[in-house]
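User: I'd like to go through some side-chain packing here. Can we start with the aromatics?
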Amino acid sequence: MKRWVQLGLLVLAGALVFVFFSVDLGPRVEYVEEQPVEDTVVVPLPPPSAYGIIMDSLVLREGTVKSGASFGGLLGAEGVSASVIETLVSKAEGLFDARKLRSGHPYAFIAPDREGATPHYFIYEADPIQYFVFHLLPGNEYVTIGERAVTVTQHAIAATVTGALYNDLAKAGADPMLAVLLSEVFAWTVDFYRIQKGDVFSVAYAERSVEGKRVGAPQILAARYISGDKVKAAFRFGEGKEATYFDDEGNSLRKAFLKAPLKFSRISSGFSGKRLHPVQKVMKAHLGTDYAAPYGTPILAVGDGVVEQAGRTGGNGNFVKIRHNGVYSTQYLHMRKVLVKQGQRVQQGDVIGEVGSTGLATGPHVCFRFWKNGAQVDHRKEEFPSAEPIAQELRPAFDAARDSLSAQLDEAELALAAGRMVNF
Ligand SMILES: [Zn+2]
């Protein structure tokens, strides 16, 4: 019934419009300039402000810290007296180190809007979130800390590997930093040197932003790697620093060893019983895996252990050998620089040296050797034990988190074909 009434009204309106436009009914109306309407309610705009300071009759002058610039130097050049600077340095003690103005960081002066006026405020941006406000009026010097609002958003994205994962993620609209984080999350379960074109990564992550700009690194909440019929998943679970990644079944992804001693590089020569030695030009067994990378690339200990040897030989160049336990040892050759000493305890992921080409080497690479019970083996064919699984009492909470994150990954994978990003 209502519909009919509406339709009726529409028809009536249409008829009126028709009449209005088709017949010149009244006398001609002359154009009259629009008069300002009195009694308008004026809504005042909020006064402009910067860093929480009302800018009424003040102006903002922004700059970037140049290398070698000091707190005293910057303020002195603006006419701020030495005694004000001294007072502020002492008041800021423990809060802010005036000797450590970082080059490239933004700063600003806020001063009265007239020639040669000494500024009332100096602002130094410690990072994209936090800034220091120095109140410069003589006799009333003090320091306050300001913080911009941080927004945390959650996203999920899936990308097909076409070349470098870094580029594929960037193309898909995600922070390419996720490529590095994925290699860390999957360090124990996915061999990043064997990723192939057509493989798919999906990842759910949280991102922090300030005023619409990303700040800091994203945090991976869950990820899935699909290669043919092989699927590896990772779900973040746990509190704060204790949080780590688990598979679908709640087993820790953390294994005894990293898959490789470098984060990014390529395998230039695999483990084999026989190969033509690139320098000696004779057939020899190659009982290691060569990872080519630029000079100076950090070399990481693949597991916790003790440095058994840190030295130099003609063939190996500078090298380090780490004993991880009674079964396993690893060795890293041709370093440009050795950064650990014999007898030193190292943790998994510690930087133990830098990629070089010392010894018998044709270019910068690390020759990575792996011993199992005294025999050199191909570490890429070894199965390593998992770390602790999820505790039984935490299983219900883990299962719920996993299911919800799994659904986000599913959605991202479905959206991949449509080329869109999923925001939760
Ligand atoms: Zn080698």
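User: Phenylalanine 257 and tyrosine 328: buried or exposed?
Analyst: Both are buried in this predicted model. Phenylalanine 257 and tyrosine 328 form an edge-to-face aromatic pair, 5.1 Å centre to centre with 80° between the planes.
User: Which parts does that pair tie together?
Analyst: Phenylalanine 257 is in the loop between β12 (244-246) and β13 (266-269), while tyrosine 328 belongs to strand β20 (residues 328-338), so the pair links parts that are 71 residues apart in sequence.
User: And tyrosine 332 with phenylalanine 368, how do they pair?
Analyst: Tyrosine 332 and phenylalanine 368 are tilted, at 5.3 Å centre to centre and 45° between the planes. Tyrosine 332 lies in strand β20 and phenylalanine 368 in strand β23 (residues 365-372), so parts 36 residues apart in sequence are tied together. Both residues are buried.
User: How many aromatic pairs in the whole structure?
Analyst: The search finds 18. There is also an aromatic cluster made up of Phe71, Tyr107, Phe109, Phe122, Phe132 and Phe134.
User: What lies over the face of tryptophan 371?
Analyst: Lysine 321, at 3.7 Å from the ring centre.
User: Switching to helix α3. Which residues are buried there?
Analyst: Val84, Ile85 and Leu88, in a helix spanning residues 82-91. They cover an arc of only 100° around the axis, which means they sit on the same side of α3.
User: What do they pack against?
Analyst: The buried residues of α3 contact α2 (71-77), β6 (130-135) and β7 (142-147).
User: And what does the face turned away carry?
Analyst: The exposed residues Ala82 and Glu86.

Definitions and conventions
Residues numbered from 1 in each chain as written. Predicted model: local features only at pLDDT ≥ 70, side-chain atom pairs only at ≥ 80, totals over all residues. Heavy atoms only, no water. Phe/Tyr/Trp six-rings, centres within 6.5 Å; stacked < 30°, edge-to-face > 60°. Helix = DSSP H or I, 4+ residues; strand = E, 2+ residues; numbered from the N terminus. Buried < 20%, exposed > 50% of the residue type's maximum accessible area, 1.4 Å probe, protein only. Lys NZ or Arg CZ within 6 Å of the ring centre and 35° of its normal. Arc of directions from axis to C-beta. Contact = heavy atoms within 4.5 Å.
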